[in-house]
Amino acid sequence: MKKEIEELYKDLPFGISSTIPMNEPNQKIVIHSGTFNLIVDKGSIDIEGDVWFDWFPHIDTKFKGIVKSSTKDLIGLLNANDCYDLTINGLIFGKSFITNTTLTVEAEVSGQILGLSVIGDRTIPISKITFSIPNLRDFFGLQIKIINEKGDYFSGRNRLIFENKDYIITIDKSRDYKKSFESLSAKGGYFILYAGEIQKKSGHISFENLNKLHHCFSTFLSFINGQRCSPLFLQGIHEDEIVWTDYTGYKSDLFKHVHSWPQKLSINGLSDLWNEFYELWNNSENDKDFLVSSIHWYVEANANSGYLEGSIIMIQTALELIYNWFVIENRRIIYGKDADNISASNKIRLLLSQFSTNIKLPQSFLNMKSYLDLNKDIHDEIDLFVQIRNSIIHSQEEKRRKLSKIPNRVKYEAQQLGLWYIEISLLNILKFKGKYRNRCSGKLWTGEDEENLPKNQ
């Protein structure tokens with residue numbers, strides 16, 4: 001029977017498992033227990049205690065322990081403005097500062113790390129990177145197999161591969177994804193849901209180049225996830241040994257149910273989308289800044305940051321950024337002062353016209369349609385969106401009065417319309433070829449809201 005099972009699964013690749021164990025959301029991850037040192041120009045102090053990765057109140061690395069040096073040495077080093085090198089086994093782990101000191105029979109100090117937090121020698125070029133990803137949405141990907149300690153086989157559509165000319169990035173969904181996601185939904189916070197690997201097609205990976213790739217891939221993951229999401233706990237592997245582990249608290253958002261545009265049961269087009277994203281990111285600093293800023297405003301608005309009114313302000317900020325980058329700077333459709341003098345609503349119309357001729361008010365937006373029918377002085381849904389935004393920003397008494405009379409359902413539909421415009425624009429710019437989930441379709445069942453992008457001209 002075992003041979004039959006092995007034959008059945010022989011052609012499936014083995015799944016990748018996270019090297020950082022998490023049994024429940026928000027679990028503290030111990031990095032080091034024992035002796036470590038805090039060093040400044042004035043001297044150093046030895047501490048016996050713990051260094052750990054914590055999720056709250058925000059993602060960072062902390063330390064706490066008993067000072068083994070003399071109390072006099074400690075007092076001589078204490079200065080609220082001092083930044084210390086925290087070293088473990090003689091290697092700098094990160095820059096740190098002391099937050100609390102308790103002087104009784106023994107001296108106890110606690111603090112946290114600033115920026116990079118790496119245990120091991122990160123100067124060594126490595127051949128492979130492993131990592132974990134918290135809070136990434138469910139994808140129905142390529143098939144893998146996992147064999148547990150009892151020899152039982154598991155297979156599932158758990159794998160995504162993002163390959164370009166330089167790297168192959170593979171991420172695998174946890175075998176217990178459904179159970180973990182339910183726990184995350186109930187408790188909130190953070191839970192590792194995917195594990196992955198990065199391999200360079202030729203040569204070794206330096207820590208500096210990894211940082212650049214990490215920023216790019218994190219921004220891409222945030223776009224497909226609908227909220228910020230970064231690979232964490234990166235480990236540099238050389239000759240099958242872990243050379244260093246990066247415990248830096250790279251930005252990931254607290255779990256929240258948000259809309260994300262990729263299909264539920266297909267990953268078609270995502271790998272090609274990554275290629276386009278990677279090429280644009282590396283094309284110039286201006287293009288990289290465009291992607292960083294537009295996706296920043298998109299995920300903030302999508303998460304309803306600043307509630308409904310704040311979200312609408314962020315949406316128009318993103319749309320004007322996309323207009324300026326795409327219509328003015330790249331396509332050069334308008335020159336001179338006319339590019340600035342055009343109204344906000346016409347900027348949005350001009351932007352959308354570059355992608356499609358049939359982007360109209362969604363049929364499901366009955367509240368917005370009724371409001372427009374009752375207010376004939378408002379030309380269309382784009383004018384209404386801009387009017388709502390202007391009434392929030394330019395908050396004179398008359399504008400506040402008008403804003404208060406607009407039903408919240410109309411404002412909500414205006415918000416969703418604006419987010420849809422951002423998604424259509426970015427997906428077209430990135431030459432996306434697959435289907436996407438149209439947030440404005442009004443469809444309720446999985447798959448019914450999936451459609452092709454509005455036809456390009």
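This is a predicted model: local features need pLDDT of at least 70, side-chain atom pairs count only at pLDDT 80 or more; totals for chains, interfaces and linings use all residues.
Residues are numbered from 1 along each chain as its sequence is written, and side-chain values use heavy atoms, with hydrogens and water left out. Local features need pLDDT of at least 70 and side-chain atom pairs count only at pLDDT 80 or more, whereas totals for chains, interfaces and linings use all residues.

**The salt bridge between Glu300 and Arg228.** The two side chains meet at 2.8 Å, N to O, a salt bridge being a side-chain nitrogen of Lys or Arg within 4 Å of a carboxyl oxygen of Asp or Glu. Glu300 lies in helix α6 (residues 285–302) and Arg228 in the loop between α4 (207–225) and β13 (232–238), so the pair ties together parts that are 72 residues apart in sequence. Both Glu300 and Arg228 are buried (under 20% relative accessible area, with exposed over 50% and partly exposed in between; 1.4 Å probe, protein chains only). Arg228, Lys251, Asp253 and Glu300 are linked in a salt-bridge network.

Lys369 and Asp373 meet through their side chains at 3.2 Å, N to O, and both lie in helix α10, four residues apart, about one turn of the helix. Lys369 is partly exposed, with a relative accessible area of 45%, and Asp373 also counts as partly exposed, at 38%.

Note on methods: Helices (H or I, at least four residues) and strands (E, at least two) are DSSP runs, numbered from the N terminus.
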